[in-house]
Amino acid sequence: MRPHDQADLASRNPPKCVSTTSRSELAGQQKSLDSAARQQVLDRLPMLLSQEFRRSHQHGLVAGGNGHQHRVQRHRRLARSHVGLAGALHAEGRLDEAEAAYRRALDLDSEHFDARYNLAFVYGLTGQSQQAEQEYRQLLTRWPEHGDVRNNLGVVYLQRGDYAAAAAE
């Protein structure tokens, strides 16, 4: 074999690395890293959101004529961030904190569908059926034909034993 043929052969078939770490061990390490990183983000996000809110408020006060529109847009973006935080908290089973984050999102943007819908869902999970019903009813005033909202409201009625109201939804 000529020297350039050996180099060409080596580039087509690189040597295999031998690892003493199994795939399951790597997956376990990755999972623990993901969990730790997720926890760091969850712990830090409320502080970052409050900093963003302060910047938003200060900018709106200085902005002048178009400040209101700018402030509304920033509040909507901030509300989306709170909904994301609440979703992560909900997935972690931290329902009290998720509820607070959804409520904060609604303070920033009272028309945010996902915040209200998920808040109602959390209320249902935590046995607060009156609050869940109230939130679902508020959603139905704006989106009267939304099937998921009607279905979940029916579930709230079923949990209470009000079968007639559940059937109506």
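Reader: What percentage of contacts between residues at least 6 apart in sequence join residues at least 24 apart in the protein chain?

Author: The value is 43%, where contact means heavy atoms within 4.5 Å. This is a predicted model, in which local features need pLDDT of at least 70 and side-chain atom pairs count only at pLDDT 80 or more, while totals for chains, interfaces and linings use all residues. Residues are numbered from 1 along each chain as its sequence is written, and side-chain values use heavy atoms, with hydrogens and water left out.

Reader: How many helices and strands does the protein chain have?

Author: The protein chain has 8 helices and 0 strands. Helices (H or I, at least four residues) and strands (E, at least two) are DSSP runs, numbered from the N terminus.

Reader: What makes the pair of Phe 113 and Tyr 117 stacked?

Author: Rings of Phe, Tyr and Trp (its six-membered ring) pair if their centres lie within 6.5 Å; planes under 30 degrees apart count as stacked, over 60 as edge-to-face and the rest as tilted. The structure holds 3 aromatic pairs. In the pair of Phe 113 and Tyr 117, the centres are 5.6 Å apart and the planes are at 15°, so the pair is stacked. Both residues lie in helix H5 (residues 113-125), 4 residues apart, about one turn of the helix.

Reader: Why is the pair of Phe 113 and Trp 143 called edge-to-face?

Author: Their ring planes stand at 85°, with the centres 4.9 Å apart, so the pair is edge-to-face. Phe 113 lies in helix H5 and Trp 143 in the loop between helix H6 (129-142) and helix H7 (147-160), so this pair ties together parts that are 30 residues apart in sequence.

Reader: How do you know whether Tyr 117 counts as buried or exposed?

Author: Buried means under 20% relative accessible area, exposed over 50%, and partly exposed in between (1.4 Å probe, protein chains only). Tyr 117 has 17% relative accessibility and therefore counts as buried. Trp 143, at 30%, counts as partly exposed.

Reader: Why are H5 and H7 described as roughly parallel?

Author: Axes are lines fitted to C-alpha atoms, for helices over the stretch in contact, and angles run from 0 to 180 degrees between N-to-C directions. Angles under 35 degrees count as roughly parallel, over 145 as roughly antiparallel, 65 to 115 as roughly perpendicular and the rest as oblique. The axes of H5 and H7 come within 11 Å and cross at roughly 20°. H5 and H7 are therefore roughly parallel to each other.
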